[in-house]
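The following report examines one protein model and the contacts that hold its parts in place. Please keep the sequence and the coordinates at hand while reading.

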Amino acid sequence: MVKYKLTYFNGRGLGEGARQLFALADQQFEDVRVTHETFPALKPTLPFGQLPLLEFDGHQIAQSNAINRYLAKTFGFAGKDAFESAVIDSLADQLTDYRVEIKPWFYVAAGFSQGDAEKLKKEVLLPARDKFLGFITKFLKKNAAHGYLVGDKISWADVLIAEHTSDLFKRVPEYLDGFPEVKAHMEKIHQNPKIKKWRESRPETSF
C-alpha cells in the first residue's frame with residue numbers, strides 16, 4: 001500500500017485541494033503541518049524551496065497544481081478522457097491566475113501585510129471576481145445537466161474552485177452576489193459526503 005505524506009503550513013491555502021482529494025478517494029495520508037517558525041530549516045530541503053510537498057515511495061512532487069493533478073489522475077478525478085482532463089487543467093490554471101490578481105487584497109485582508117482592505121476590495125478583488133466568476137458561470141451553464149464544471153463527475157477543479165469560493169464568501173459576504181450558479185456549485189460540492197465529513201473535522205485555521 002502506498003503511504004502518502006503531504007507537508008504544508010497549518011492552513012488551508014494551497015494544500016487544501018490535495019487534502020480534499022485524499023478524502024474523496026478514502027485514501028489515508030500523513031497530514032504534516034509546518035509552522036512559520038520551523039519552515040526556514042525545512043526550506044533548503046524542498047525541491048523549489050516552498051510548500052506544499054507530496055511524498056510517497058521515495059518520490060517528491062512540489063507545486064500545488066502538480067500535486068493536485070497527480071492525485072486526481074491517480075484517484076479518478078481528472079476527467080474521463082484527454083479533452084476533459086485538459087479543460088479541467090485550464091480551469092485550475094485560471095484559478096491560479098485569478099489568485100495572483102487578488103493577492104494585494106488577500107494579503108491585507110488576511111493580516112499578512114498593511115493596507116486599506118476595503119479600498120483594495122473595491123479596486124482589486126471585486127473586479128477580478130466579476131471576471132473570474134463570469135468565466136466559471138459560463139462553464140456551469142454549459143454543463144448544467146450535471147452540475148459540475150466539466151463532465152458528469154466531480155473533478156479536482158470542482159474541489160479547488162468550490163473551496164476557494166467558500167473561503168472568499170466567508171471573508172466577503174457579498175462575494176457571490178449576482179452569481180447564483182457559482183453558489184449552487186459550491187453547495188453541491190460541499191454536500192458530497194466525503195468532502196462534507198473532511199470539512200467538518202479539519203482543524204480550524206486562519207487561512
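## A buried ion pair and its network

Glu163 and Arg202 are both buried, a term that stands for under 20% relative accessible area, with exposed meaning over 50% and partly exposed the range in between (1.4 Å probe, protein chains only). The two residues form a salt bridge whose closest N and O atoms are 3.2 Å apart; such a bridge is defined as a side-chain nitrogen of Lys or Arg within 4 Å of a carboxyl oxygen of Asp or Glu. Glu163 belongs to helix α6 and Arg202 to the segment after α8 (193-201), so that the pair links distant parts of the chain, 39 residues apart. Helices (H or I, at least four residues) and strands (E, at least two) are DSSP runs, numbered from the N terminus.

Glu163 and Arg202 also belong to a network of salt bridges, whose other members are Arg12, Glu16, Arg19, Asp31, Arg33, Asp167, Arg171 and Arg199. The whole structure contains 18 salt bridges.

## Basis of the model

The model is predicted, and local features require pLDDT of at least 70, side-chain atom pairs pLDDT 80 or more, whereas totals for chains, interfaces and linings use all residues. Residues are numbered from 1 along each chain as its sequence is written, and side-chain values use heavy atoms, with hydrogens and water left out.

A salt bridge joins the side chains of Lys121 and Glu174, with an N to O distance of 2.7 Å. Lys121 lies in helix α5 and Glu174 in the loop between α6 (156-171) and α7 (180-190), so parts that are 53 residues apart in sequence are tied together. Lys121 is buried at a relative accessible area of 12%, while Glu174 is partly exposed at 26%.

Glu101 pairs with Lys131 in another salt bridge, the closest N and O atoms lying 3.0 Å apart. This pair links helix α4 (residues 82-109), which holds Glu101, to helix α5 (residues 117-142), which holds Lys131, across 30 residues of the chain. Glu101 is partly exposed, with a relative accessible area of 32%, and Lys131 is also partly exposed, at 40%.

## The sheet

Four strands form an open sheet with mixed pairing and the order β2-β1-β3-β4; two strands pair if DSSP finds at least two bridges between them. The edge strands, β2 (29-34) and β4 (59-62), each pair on one side only. On average, neighbouring strands are turned by 20° against each other, direction ignored. Axes are lines fitted to C-alpha atoms, for helices over the stretch in contact, and angles run from 0 to 180 degrees between N-to-C directions.

Strands β1 (residues 4-9) and β3 (residues 53-56) run antiparallel and are joined by three bridges; Thr7 has Leu53 of β3 as its bridge partner. Strands β3 and β4 are likewise antiparallel, over four bridges, and Leu54 stands opposite Ile61 in β4. Their hairpin has two residues between the strands, and Asp57 takes a positive phi near 50° there.

## Helix α1

How many residues of α1 are buried? Nine of the nine are buried, so the helix is largely enclosed by the rest of the structure. Elements covering these residues include β1, β2, β3, α3 (64-75), α6 and α8. Among the buried residues are Glu16 and Arg19, which also take part in the salt-bridge network. Just after α1, Asp26 takes a positive phi of about 55°.

## The nonpolar core

A nonpolar core is a set of buried Ala, Val, Leu, Ile, Met, Phe, Trp, Tyr and Cys residues joined through side-chain atoms within 4.5 Å. The largest one has 61 residues, of which Leu71, Tyr98 and Leu125 touch the most other members. Helix α4 supplies its largest share, 10 residues. Domain 1 (4-77 + 194-201) and domain 2 (82-191) both contribute residues, so the core lies between them; the domain bounds come from an automatic or database domain assignment.

Leaving aside neighbours within four places in sequence, Leu125 is in contact (heavy atoms within 4.5 Å) with Tyr98, Ile102, Trp105, Leu120, Leu168, Val172 and Tyr175.

## An exposed proline

Pro193 is located in helix α8 and is exposed, at 64% relative accessibility. Its C-alpha atom is separated by 36 Å from that of Glu118, 75 residues away along the chain.
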